[in-house]
Amino acid sequence: LLEPAGPGPLAGRTVVVSAGGTREPLDPVRYLGNRSSGRQGVAVARAALAAGATVRLVAAHLEVPVPGGVELSTASTAIELDAAVQRAAIGADALVMTAAVADFRPAEYVESKIKKSDDRADPVITLVRNPDILATLVSRRAELGDRGGLPGLIVGFAAETGDAEAGVLEHGAAKLARKGCELLVVNQVGGGLGFGVEVNSVTVLAADGAAPVTAAGTKDEVAQVLISMIASRLDADVH
Ligand code: CTP
Ligand code: CA
């Protein structure tokens with residue numbers, strides 16, 4: 001990445017980025033996880049750094065290196081990530097939630113390794129819902145005076161495939177409305193796009209009705225488009 005010649009479009013701003021995938025433990029040696037590598041989030045963090053921002057990276061199980069120059073905090077489970085993001089978000093200008101947060105976790109954690117004893121029935125894993133970090137922050141921000149110091153610009157990411165009910169963008173628009181955040185980056189997955197690959201195709205939907213912005217290219221290119229949008233929204237004080 002080229003260093004900006006001037007102070008950079010995000011100079012003086014603080015951007016929080018969550019990245020990676022959570023792991024929800026079953027017993028001391030096993031967990032339920034997901035295939036997020038953290039690449040897109042790390043690319044967003046790098047683009048924000050290059051734009052001059054102070055970057056707080058909240059990382060859950062990255063498969064890629066942490067960029068130098070970020071303020072790093074780490075989390076393993078969704079509940080830990082929730083606490084870490086809430087802490088990092090206070091006083092920040094923007095929050096970008098690229099982390100793949102497990103929607104559910106095992107209802108119980110077994111303190112000792114689960115054994116496959118022959119005399120016992122095959123185990124059934126019961127799941128319970130995890131907190132929705134993004135939706136919780138949006139509603140806390142609305143309830144607290146002075147937004148509780150939370151960012152005026154909250155950006156979600158959604159990987160969608162489209163199904164019999166609706167297309168990728170319809171699912172995205174419904175999710176944006178449900179989450180209440182300002183921007184939702186809708187990432188089309190399946191057919192070779194999305195997890196673990198270098199090239200991405202996204203559409204950024206805005207809650208304020210601004211026209212959708214499409215970006216395709218490497219995760220770095222997508223990150224730069226997103227960081228430009230964040231910078232111009234912060235400059236214009238449009239959230
Ligand atoms: N997210 C979150 N907390 C969760 C789940 C998701 O903060 N428990 C955030 C993700 O980091 C992402 C956005 O919400 O920025 C959308 O995630 P996604 O999984 O697409 O949304 P869900 O509401 O969980 O819907 P779905 O049923 O499609 O998984
Ligand atoms: Ca989900």
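**Ground rules**

I'm working with a predicted model, where local features need pLDDT of at least 70, side-chain atom pairs count only at pLDDT 80 or more, and totals for chains, interfaces and linings use all residues. Residues are numbered from 1 along each chain as its sequence is written, chains are lettered from A and ligands numbered from 1 in the order in which they are written, and side-chain values use heavy atoms, with hydrogens and water left out.

**Entry 1: the cores**

I started with nonpolar cores (sets of buried Ala, Val, Leu, Ile, Met, Phe, Trp, Tyr and Cys residues joined through side-chain atoms within 4.5 Å). For burial I use relative accessible area: buried is under 20%, exposed over 50%, partly exposed in between, with a 1.4 Å probe and protein chains only. The largest core has 33 residues, and L10, V15, V155, I227 and I230 have the most contacts inside it. Which elements give two or more residues to this core? I got β1 (14-20), α1 (39-50), β4 (54-60), β6 (94-97), β9 (153-160), β10 (183-188), β11 (199-206) and α5 (219-236). Helices here are DSSP runs of H or I with at least four residues, strands are runs of E with at least two, and both are numbered from the N terminus. The most comes from α5, with eight residues.

There is also a second, separate core of 26 residues, which includes A88, L95, M97 and V168.

I then looked up V155 by contact (heavy atoms within 4.5 Å). Skipping neighbours within four places in sequence, V155 meets L95, V96, M97, L134, L183, V185, L226 and I230. As background, nonpolar side chains tend to be buried together in soluble globular proteins.

Next I checked helix lengths against the expected span, 1.5 Å times one less than the number of residues. For α5, 18 residues should span 26 Å, and the end C-alpha atoms are 26 Å apart, so that agrees.

Which residues of α5 are buried? The list is K219, V222, A223, L226, I227, M229, I230, A231, R233 and L234. I note that K219 and R233 are on it. The packing partners of these buried residues are α1, β6, β9, β10, β11 and β12 (213-218). After α5 comes D237, with a positive phi near 60°.

Is α1 largely enclosed or open? Nine of its twelve residues are buried, so the rest of the structure largely encloses it. Those are Q40, G41, V42, A43, V44, A45, A47, A48 and A50. They pack against β1, β4, β6, β9, β11 and α5. Just past α1, G52 has a positive phi of about 100°.

- A99: a backbone N or O atom is 2.8 Å from an oxygen atom of ligand 1.
- I133: a polar backbone atom is 3.0 Å from a nitrogen atom of ligand 1.
- L134: a polar backbone atom is 2.9 Å from an oxygen atom of ligand 1.

K175 sits in helix α4 (residues 168-179). Its side chain makes a 2.7 Å polar contact with that of E160. Leaving out residues up to four places away in sequence, K175 touches A158, E160 and L184.

What are the protein donors of the calcium ion (ligand 2)? Both entries are D103 (OD), at 2.4 to 2.5 Å. Donors are N, O and S atoms within 2.8 Å of the metal (3.2 Å for Na, K and Ca), and sites may look incomplete because water is not among the atoms. D103 itself lies in the loop between β6 and β7.

**Entry 2: loop residues**

Most residues other than glycine have a negative phi. D146 has a positive one, near 55°, and R147 has one near 60°. D146 is exposed at 74%, while R147 is partly exposed at 39%.

Last, V110, in the loop between β7 (104-106) and β8 (127-129). V110 is partly exposed at 26%. Its C-alpha is 8.7 Å from that of P25, 85 residues away along the chain. Beyond four places in sequence, V110 touches L26, D27 and P28.

Terms used. A polar contact is a pair of N or O atoms within 3.5 Å; within protein, one must be able to donate a hydrogen and the other to accept it, and residues adjacent in sequence count only if both atoms are side-chain atoms.
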